[in-house]
Amino acid sequence: MIGKKKKTVMYILIIAITLIVVFPFIWMLILSFRSSAEIMTNPLALPESLNLENYINASKTLDFIRLYGNTIFVCVVSLIIELVITFFSSFVLSRMVFKNKKIRSMLYGFLIIGLSISPFILLFPVYQINVRLHLREQFALIMPYVATSISFNTLLLTNYMKSLPVEIDEAAIIDGCSLWDLMFRVILPMSKPVIATIVTFNVLYIWNEYPFASVMLRDVSDYTLSMGASFFKGNYTVDYGGIIASSVMIIIPELIFYGIFQKHIVEGMTAGAVKG
């Protein structure tokens with residue numbers, strides 16, 4: 001049993017960590033109600049009044065409907081491709097029988113080794129591939145996002161599927177399930193927690209990703225949300241109020257999405273920790 005003193009210390013640490021994590025967003029929210037001059041003069045001061053000028057200018061400067069539409073399109077298409085590839089590969093690696101176990105290890109190692117490579121060092125090679133394949137608009141982002149996410153997705157989904165008892169497969173086959181039925185009617189429903197985790201992490205990654213978007217997208221009409229804040233930076237001036245206000249408008253839907261799926265993230269990350 002944990003003593004009262006230890007519980008008190010734990011609660012204090014939890015509160016302190018929470019404040020440290022939440023403070024940057026609260027500070028950004030406060031700064032969004034101040035002008036650029038006030039931000040530069042005294043960034044730590046509280047706003048004298050509820051000034052919505054930055055949000056009004058941000059709404060006039062940015063076409064948020066198009067930005068949200070482009071970002072959601074990239075998220076949805078990328079996730080569909082990622083989940084299809086990862087589900088099939090993870091099922092094969094975790095549930096199928098290999099005559100040579102080394103082949104399984106090699107395939108798994110090949111898919112996981114991507115975790116050791118920073119995706120940002122691949123910017124120039126990926127750009128060259130897109131040019132040669134004539135991939136433009138949002139499609140220039142979809143394939144890089146899929147490729148850079150497969151390793152992480154495979155790590156989560158393969159380990160989770162391995163934790164499922166083999167007896168499930170045997171019972172399903174005895175009952176007359178084909179391989180496709182086993183995959184989509186048995187294993188897929190049982191994998192919902194970890195799939196929800198994968199969806200959440202990938203949506204947050206795509207929502208915030210900037211380096212690939214800044215290199216691959218050329219037409220303003222194709223820009224995603226992460227590119228929105230760049231509109232407020234000129235050659236010689238920076239509208240800090242506009243940057244902060246637009247960032248708040250971009251982050252709030254992300255926080256809502258994370259809040260909705262937070263429970264699923266915890267379940268997905270811990271579901272495969274103990275074998276059934």
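I began with the nonpolar surface patch. Helix α4 gives the most to this patch, with six residues. I note that the model is predicted.

Which residues make the patch? I listed I72, V76, I80, V84, F88, V92, M96, L179, W180 and F184. Together they make a nonpolar surface patch of about 860 Å².

Next I turned to α9 and its contact with α10. Helix α9 covers residues 179–190, and helix α10 covers residues 192–208. How do their axes cross? I find them coming within 5 Å and crossing at roughly 65°. Angles of 65 to 115 degrees count as roughly perpendicular, so α9 is roughly perpendicular to α10.

I checked which residues make this contact. From α9 they are L188, P189 and M190. From α10 they are K192, P193 and I195. I sorted the contact by class: five residues are nonpolar, one is charged and none is polar.

I count 12 helices and zero strands in its secondary structure. Read from the N terminus, the elements run α-α-α-α-α-α-α-α-α-α-α-α. For the extent, I took the C-alpha trace along its principal axes. It spans about 70 × 65 × 30 Å.

Technical notes:
Residues are numbered from 1 along each chain as its sequence is written. This is a predicted model: local features need pLDDT of at least 70, side-chain atom pairs count only at pLDDT 80 or more; totals for chains, interfaces and linings use all residues. Side-chain values use heavy atoms; hydrogens and water are left out. Axes are lines fitted to C-alpha atoms, for helices over the stretch in contact, and angles run from 0 to 180 degrees between N-to-C directions. Helices (H or I, at least four residues) and strands (E, at least two) are DSSP runs, numbered from the N terminus. Angles under 35 degrees count as roughly parallel, over 145 as roughly antiparallel, 65 to 115 as roughly perpendicular and the rest as oblique. Contact means heavy atoms within 4.5 Å. Ala, Val, Leu, Ile, Met, Phe, Trp, Tyr, Cys and Pro count as nonpolar, Asp, Glu, Lys and Arg as charged, and the others, Gly among them, as polar. Patches are made of residues with over 30% relative accessible area and no salt bridge: like charges are joined within 9 Å, nonpolar side chains (Val, Leu, Ile, Met, Phe, Trp, Tyr) within 5 Å. Accessible areas come from the Shrake-Rupley method with a 1.4 Å probe; for residues, only the protein chains shown count as cover. A salt bridge is a side-chain nitrogen of Lys or Arg within 4 Å of a carboxyl oxygen of Asp or Glu.
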